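Please open the model in your viewer and keep the selection panel at hand.

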Amino acid sequence: MKILIIGGGNMGLTYAQSFIRAQISSKEDMMILEKSPERADELAKKDIGTVYGEPDDCLQKADLIILAVKPQDTAVLFEKLRPMVHPQQVFLSIMAGVKITTICESLGVSKVIRAMPNLPAQIGQGMTAFTSSDEVTRIELVMVQNLLSTTGKAVYVEKEHFIDASTAISGSGPAYVWFFMDAMMDAARNMGFSNSESELLVSQTFLGAVELYMATNFSCEEWIRRVASRGGTTEAALKSFSESNLRKDIMNGAFAALNRAEELGKDAK
Ligand SMILES: NC(=O)c1ccc[n+]([C@@H]2O[C@H](COP(=O)([O-])OP(=O)(O)OC[C@H]3O[C@@H](n4cnc5c(N)ncnc54)[C@H](OP(=O)(O)O)[C@@H]3O)[C@@H](O)[C@H]2O)c1
């Protein structure tokens with residue numbers, strides 16, 4: 001299967017490298033279309049496939065086309081691609097906010113998969129939600145799931161609404177975690193730890209807590225009960241969190257992200 005990645009930026013490069021590393025595609029089958037000549041030169045040096053500057057030279061050879069440009073670059077790109085695409089080609093878009101119907105109508109195609117990855121995809125620990133138009137076959141979906149899974153976990157969602165919702169949870173989520181980590185590092189520094197000690201204490205605590213959670217069947221609530229003994233230190237912290245409504249603030253933040261994702265989706269129509 002020939003894959004063409006359009007946009008060889010952060011995500012485009014991550015995908016090309018992940019597919020080849022997982023041996024799910026080969027350099028011979030990988031094509032990257034990159035507009036910026038400097039970036040194209042950098043990509044060519046990485047030896048991850050053939051790099052092109054114009055779609056005329058590569059688009060028609062591709063079975064799967066991955067759209068990995070910024071949403072604001074789509075209008076120009078779609079106009080250029082439209083006369084060259086053919087109906088059997090499958091399109092996988094990772095562009096935030098650009099709806100499946102917009103891609104189908106702008107390109108005159110019907111097989112479109114829309115995915116929302118997140119930044120840890122860069123180290124194979126990503127979380128991607130994806131959905132598709134009705135015309136994509138089960139075999140094509142499995143093939144794309146296998147590709148997405150080379151960057152971490154991938155989950156199929158039935159409705160496109162869940163792509164916006166996953167943007168608010170897993171797409172933006174790493175920033176929420178870093179925000180919480182940063183606040184805890186501040187607290188550690190204020191208690192007298194050095195920068196490097198604060199970073200180590202906090203990052204290893206997050207890593208350990210998540211790995212322990214993943215290794216068992218206990219819910220977060222059960223783990224909290226296990227660690228927070230009555231009258232103890234953890235309980236004191238949790239009491240302070242609940243007095244300041246932290247849980248509600250986190251939920252409100254996630255819903256603010258969902259509202260914004262929906263607004264951006266309307267703008268991108
Ligand atoms: N980064 C993330 O964690 C993440 C997560 C989820 C979704 N996404 C989505 O992934 C997409 C790509 O993000 P990114 O961070 O990889 O962006 P990026 O680093 O800016 O990469 C996009 C690349 O595409 C090139 N490009 C623009 N128009 C083109 C065209 N017509 N033909 C060929 N190449 C073209 C750009 O060149 P110029 O720089 O010259 O314009 C740039 O090198 C975005 O739509 C974003 O919403 C990203």
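Predicted model: local features only at pLDDT ≥ 70, side-chain atom pairs only at ≥ 80, totals over all residues.

The crossing of H7 and H8 is right-handed.

To display the contact itself, pick Val177, Met181, Met184, Met185, Ala188 and Arg189 on H7, together with Asn195, Ser198, Glu199, Leu201, Val202, Ser203 and Phe206 on H8. Coloured by class, the residues of this contact divide into eight nonpolar, three polar and two charged.

Next, centre the view on the ligand and select the 27 residues around it, of which Gly7, Gly9, Ser36, Met95 and Ala96 come nearest. Which helices each supply at least two residues of this shell? They are H1, which runs over residues 10-21, and H3, which runs over residues 74-81; H1 gives the most, with three residues. By class, the shell around the ligand holds 14 nonpolar, eight polar and five charged residues.

Finally, zoom out to the whole chain, whose secondary structure comes to eleven helices and eight strands, and whose C-alpha trace spans about 70 × 35 × 30 Å along its principal axes. Of its 269 residues, 33% count as buried, and among the contacts with a separation of 6 or more, 62% are made by residues 24 or more positions apart.

Methods: Residues numbered from 1 in each chain as written. Helix = DSSP H or I, 4+ residues; strand = E, 2+ residues; numbered from the N terminus. Buried ≥ 20, exposed ≤ 12 C-beta atoms within 10 Å, placed from the backbone. Contact = placed C-beta atoms within 7 Å. Near = placed C-beta within 6 Å. Nonpolar A, V, L, I, M, F, W, Y, C, P; charged D, E, K, R; others polar. Left-handed = near helix turned anticlockwise from the far one by under 90°.
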